[in-house]
Amino acid sequence: MAAETTGSADGTTTAAYDQHADWYNDFMSADGPGGYIRRVHGALEGLMEPGEGACLDVCCGTGAHAPVPAGLGWAPVGVDLSGGQLRHAAGRLPVAQADATALPFADASLPAAVCVLAHTDLPDYAAVLREIARVLRPGGRFTHLGVHPCYIGAFADWSDRPRIVVDDRYADHSHTFDTWSPGGVRARVGAWHLPLADLLNATTAAGLRLVRTAETGPGGIPDLFGFLAVKA
Ligand SMILES: C[S@@+](CC[C@H](N)C(=O)[O-])C[C@H]1O[C@@H](n2cnc3c(N)ncnc32)[C@H](O)[C@@H]1O
């Protein structure tokens with residue numbers, strides 16, 4: 001089945017997850033052998049701070065992480081492009097179907113936002129960061145958590161752990177289905193790559209001030225990288 005296309009501004013965004021939503025929901029619901037989901041939630045909890053009011057989960061997918069902001073006192077609200085993903089998320093948090101580059105919220109209206117495991121699904125994460133900064137109030141908090149830009153991508157082969165082989169595709173930003181893991185999500189929907197410096201520079205350029213960063217992995221090499229930033 002072909003991925004459903006949307007009318008997004010750049011013409012490239014697709015609701016590719018529609019056809020994988022049931023698989024994705026199972027994947028995110030069962031903590032695999034490496035305790036991946038548990039580590040995602042632990043890292044998110046460590047970066048976020050307790051608070052009150054709405055916390056926008058940008059690209060919320062199936063809403064698998066809603067318990068983390070909820071546990072810190074926030075009221076999670078999800079936005080995603082994929083109706084298939086939102087079908088699962090709707091039982092976990094209030095949701096809206098929308099493009100992350102055109103969030104259906106007023107300027108400076110929200111106290112907090114998160115974006116988890118999604119920056120590699122977006123052709124222009126810098127535009128999403130600018131949009132998040134637009135809807136956050138001054139002093140509002142944004143937590144990013146994603147695959148580690150230095151060690152996860154088409155350029156990194158994890159098949160011979162503990163050795164991770166990184167090649168010169170690190171500099172390649174383009175969308176690709178190349179992956180060392182044929183059973184994983186990237187073989188299904190592909191990924192864009194955003195090098196670490198580009199990610200951090202896009203964040204500060206959006207008017208978000210870095211407060212702290214975190215990285216975690218199954219062993220010595222981190223597979224997750226995140227940060228807490230505050231709208232100036
Ligand atoms: C890897 S999933 C992550 C979902 C969730 N945050 C999680 O950690 O389980 C990426 C999500 O981004 C969504 N997505 C991709 N492009 C989007 C866009 N332009 N606007 C909103 N959501 C988008 C997809 O539909 C998908 O649910």
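Modeller: This is a predicted model. The ligand is surrounded by 20 residues, and the closest are Tyr24, Cys59, His65, Asp80 and Val116.

Biologist: What classes of residue make up the shell around the ligand?

Modeller: The shell has eleven nonpolar, five polar and four charged residues.

Biologist: Which polar backbone atoms lie by a nitrogen atom of the ligand?

Modeller: One belongs to Ala100, at 2.8 Å from a ligand nitrogen. Another belongs to Val116, at 2.7 Å from a nitrogen atom of the ligand.

Biologist: How much of the ligand does the protein bury?

Modeller: The protein buries 99% of the 600 Å² that the ligand exposes when taken alone.

Biologist: Changing topic, how many salt bridges does a search of the whole structure find?

Modeller: The search finds ten. One of them joins the side chains of Asp22 and Arg87, at 3.3 Å from N to O. Asp22 lies in helix α1 and Arg87 in helix α4, so the pair ties together parts that are 65 residues apart in sequence.

Biologist: And Arg39, what is its salt-bridge partner?

Modeller: Its partner is Asp223, with 2.8 Å from N to O. Arg39 is in helix α2 and Asp223 in the loop between β10 and β11, 184 residues apart.

Biologist: Is Arg39 buried or exposed?

Modeller: Arg39 counts as buried because its relative accessibility is 16%, under the 20% limit. Asp223, at 9%, is also buried.

Notes:
Residues are numbered from 1 along each chain as its sequence is written. This is a predicted model: local features need pLDDT of at least 70, side-chain atom pairs count only at pLDDT 80 or more; totals for chains, interfaces and linings use all residues. Side-chain values use heavy atoms; hydrogens and water are left out. A residue is near a molecule or strand if one of its heavy atoms lies within 4 Å of it. A polar contact is a pair of N or O atoms within 3.5 Å; within protein, one must be able to donate a hydrogen and the other to accept it, and residues adjacent in sequence count only if both atoms are side-chain atoms. Accessible areas come from the Shrake-Rupley method with a 1.4 Å probe; for residues, only the protein chains shown count as cover. Ala, Val, Leu, Ile, Met, Phe, Trp, Tyr, Cys and Pro count as nonpolar, Asp, Glu, Lys and Arg as charged, and the others, Gly among them, as polar. A salt bridge is a side-chain nitrogen of Lys or Arg within 4 Å of a carboxyl oxygen of Asp or Glu. Helices (H or I, at least four residues) and strands (E, at least two) are DSSP runs, numbered from the N terminus. Buried means under 20% relative accessible area, exposed over 50%, partly exposed in between (1.4 Å probe, protein chains only).
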